[in-house]
Amino acid sequence: MFSRNTCRHLLALSSARQSSNYARKKVYKNVTVASDSSGFAVKLDDSQLKTPLGNSVVVPSEMAANAVAREWSIQDDVIKPEIMPLTQLINLAIDQPTKRPTEQIASDILEYLETDTLRCRSDSPDELVERQTQTWDPILKWLEDRFKVEVPSTADLFNTELPAGTVSALSEHIVGMNHWSRTSLESATNSSKSFATAIALLEGRVDVDQAISVSQLENMFQIERWGNVEWAHQFDLAALKSSLAAAYLVHSWCGAAS
């Protein structure tokens, strides 16, 4: 069994491998999508696109294949994986580099909920407490109603344990997802540091911009008070938006199509 930190490290290594594999000179001219009984494949000239582990990039959705093809077609002289979030997430879903059973993936994802950003509250200042209540409580209420579970908030970081029934119900839901949606959920959870935000995004309770506002509420509050290094913050937000948008799209296209 891998710990959550180990899995995150392996996923990061997979991302680095993608960067290493793709950070090379562009040698293809044409990008096309071909379909057969197995799904929709992306082709670079006459060669089928492969993942970092050598698997064929075949997806169940034509829209997803066209989106990946678009990422490859807009590359200039050197291929830049950092502007290919859909390709990277789809590669991850296909390769499954950590080789974990679905129950372990569900457990790793739900570890985030125990100390979820939306659950663990500040007790001061009053303005921040009010913003957390107004912004986060409706999401947690939706989560409870949607899955018939209890997800209490707390200001006590030593008392964040979830009811056993909550963990069981949410784990069952995650295990029941196909690998496209499960990978998308884990990616969005890792990016936002919040399972509640990630599942709300995939289920359509919030859009990408709202998910960013929800997960970054405390950071934005601190920036309002103390300022920030503007270019660094904007870079981080752009990366977060790209990651969350990719997770939503892969879930929407491939989760429903499988």
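This is a predicted model: local features need pLDDT of at least 70, side-chain atom pairs count only at pLDDT 80 or more; totals for chains, interfaces and linings use all residues.
View 1. The chain has 11 helices and 4 strands (DSSP runs, H or I of at least four residues for helices and E of at least two for strands, numbered from the N terminus). Of its 258 residues, 44% are buried (under 20% relative accessible area with a 1.4 Å probe, protein chains only).

View 2. At the start, a side-chain oxygen of Ser194 comes to within 3.5 Å of the backbone nitrogen of Ala196. After the helix comes Gly204, with a positive phi near 85°.

**View 3. Helix α7 packs against α8.** Helix α7 (residues 179-192) meets α8 at an angle of about 135°, and their axes are 8 Å apart (lines fitted to C-alpha atoms over the stretch in contact, with angles from 0 to 180 degrees between N-to-C directions). Ser181, Ser184, Leu185, Ala188, Thr189 and Ser192 of α7 touch Phe195, Thr197, Ala198, Ile199 and Leu202 of α8 (contact means heavy atoms within 4.5 Å).

**Notes.** Residues are numbered from 1 along each chain as its sequence is written, and side-chain values use heavy atoms, leaving out hydrogens and water. Local features need pLDDT of at least 70 and side-chain atom pairs count only at pLDDT 80 or more, while totals for chains, interfaces and linings use all residues.

Key. A polar contact is a pair of N or O atoms within 3.5 Å; within protein, one must be able to donate a hydrogen and the other to accept it, and residues adjacent in sequence count only if both atoms are side-chain atoms. Buried means under 20% relative accessible area, exposed over 50%, partly exposed in between (1.4 Å probe, protein chains only).
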